[in-house]
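Work through the exercises below with the structure in view. Try each task before reading its solution.

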Amino acid sequence: MPQPTIETPTRPVRRPRRATVLEREQLTPHLIRLVLGGEGLEGFAAEEFSDHYVKLLFPPAGAPYGPDADVEEVRATLPREQWPRTRTYTVRAWDPAAARLTLDVVVHGDVGFGGPWASAVRPGDVIQLLGPGGSYAPDPAADWHLLIGDPSVVPAIAASLPRIPDGVPVVVLIEAEGPDDELPLDAPPQADVRWLRRAAGEPHGAALLRELASLELPAGRPQLFLHGEAGAVRAIRRELLIERGLPREGHSISGYWKHRRDDEAWRAEKAEWNRQVEADGA
Ligand SMILES: Cc1cc2nc3c(=O)[nH]c(=O)nc-3n(C[C@H](O)[C@H](O)[C@H](O)COP(=O)(O)OP(=O)(O)OC[C@H]3O[C@@H](n4cnc5c(N)ncnc54)[C@H](O)[C@@H]3O)c2cc1C
């Protein structure tokens, strides 16, 4: 039976860890780096994959508890609408010796939990998190790699590139708002890294699709790492696996977020979206 090409992330450990914000750095106009630490990260194991992720827990507006609350007790005593909201972030780096966990968070306006939190958080603030989960690392047997995403995928792409062996062709396409969003990436020397600009009002993924149209694909078996806005991911997956006929197996593909949906709404429709995407071109 063929493997599904859309990922269902493995469930991270359910017991929340308590972490403290150690450092905050504005990397680009839309990306904030946060370094977390503290005893709660003891036993955190995020070395196996390059797309490890955590789920940060945020009290909803009006919740009668703070970020430090006993989540088990909250779940046992309060109605579900007051339970913490979860937001998923990639482990950009984990230093087990120093117990430092680095996350890069996209700020995309005033709405939501994760983005506004990253804008306002200060060293010393507490955050609880679940995880890590994860499932992808570059396949050393792949003939070439294609990594595609938007700023929310930059942390996973940046963590993955150093694991691609020298000499193996790798193309990276990242769609962002402008040149100020570009970051230096620790890529192998042969990597072809292209930052693409999303024009104002354009749908997510349009610049990626334009670039793909003229991209000459290397020969052999590729491994795709394709994530980002759900509509963009679906269109690009269709282009690569159906129109261009790349093999359907062995990739890492998912919608990290969806335009005009908060994460709760997106998660509620994700299973159906996955089914529809799997049916594309079937
Ligand atoms: C496995 C995985 C790993 C991820 N890793 C990262 C990561 O390392 N860094 C990161 O920043 N994000 C990452 N994401 C995406 C992140 O979880 C979502 O973007 C999430 O919706 C952000 O939550 P929020 O509270 O800021 O906004 P929400 O409350 O979820 O959404 C509010 C509004 O903002 C819009 N929105 C949400 N995210 C974005 C965005 N990135 N750009 C523009 N508009 C947006 C929504 O469409 C909605 O209209 C990851 C997601 C997954 C599944």
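**Exercise 1.** At what angle do α5 and helix α6 (residues 263-279) pack, and how far apart are their axes?

Solution. The model is predicted, with local features needing pLDDT of at least 70 and side-chain atom pairs pLDDT 80 or more, while totals for chains, interfaces and linings use all residues. Residues are numbered from 1 along each chain as its sequence is written, and side-chain values use heavy atoms, leaving out hydrogens and water.

Step 1. Helices (H or I, at least four residues) and strands (E, at least two) are DSSP runs, numbered from the N terminus. Axes are lines fitted to C-alpha atoms, for helices over the stretch in contact, and angles run from 0 to 180 degrees between N-to-C directions.

Step 2. The angle between α5 and α6 is about 10°, and the axes are 12 Å apart. That makes α5 roughly parallel to α6 (angles under 35 degrees count as roughly parallel).

Step 3. Contact means heavy atoms within 4.5 Å. On the α5 side, A230, V233, R234 and R237 meet W266, W273, Q276, V277 and E278 of α6. By class, this contact has 5 nonpolar, 1 polar and 3 charged residues. Ala, Val, Leu, Ile, Met, Phe, Trp, Tyr, Cys and Pro count as nonpolar, Asp, Glu, Lys and Arg as charged, and the others, Gly among them, as polar.

**Exercise 2.** Describe how helix α4 (residues 206-213) packs with helix α5 (residues 230-243).

Solution. Step 1. The angle between α4 and α5 is about 15°, with axes 10 Å apart. That makes α4 roughly parallel to α5.

Step 2. L208, L209 and L212 in α4 meet A235, I236, E239 and L240 in α5. The contact of α4 with α5 has 6 nonpolar, no polar and 1 charged residues.

**Exercise 3.** Which residues come nearest to the ligand?

Solution. Step 1. R87, T88, H108, F113 and K258 come nearest, of the 23 residues around the ligand (a heavy atom within 4 Å).

Step 2. Look next at the backbone. A polar backbone atom of K258 is 2.7 Å from an oxygen atom of the ligand. For G114, a backbone N or O atom lies 2.8 Å from a ligand oxygen atom.

**Exercise 4.** Which residues does a cis peptide bond join?

Solution. Step 1. Most peptide bonds are trans. A cis bond joins G131 and P132, with omega about 10°.

Step 2. P132 lies in strand β7 (residues 126-133).

Terms used: Angles under 35 degrees count as roughly parallel, over 145 as roughly antiparallel, 65 to 115 as roughly perpendicular and the rest as oblique. A polar contact is a pair of N or O atoms within 3.5 Å; within protein, one must be able to donate a hydrogen and the other to accept it, and residues adjacent in sequence count only if both atoms are side-chain atoms.
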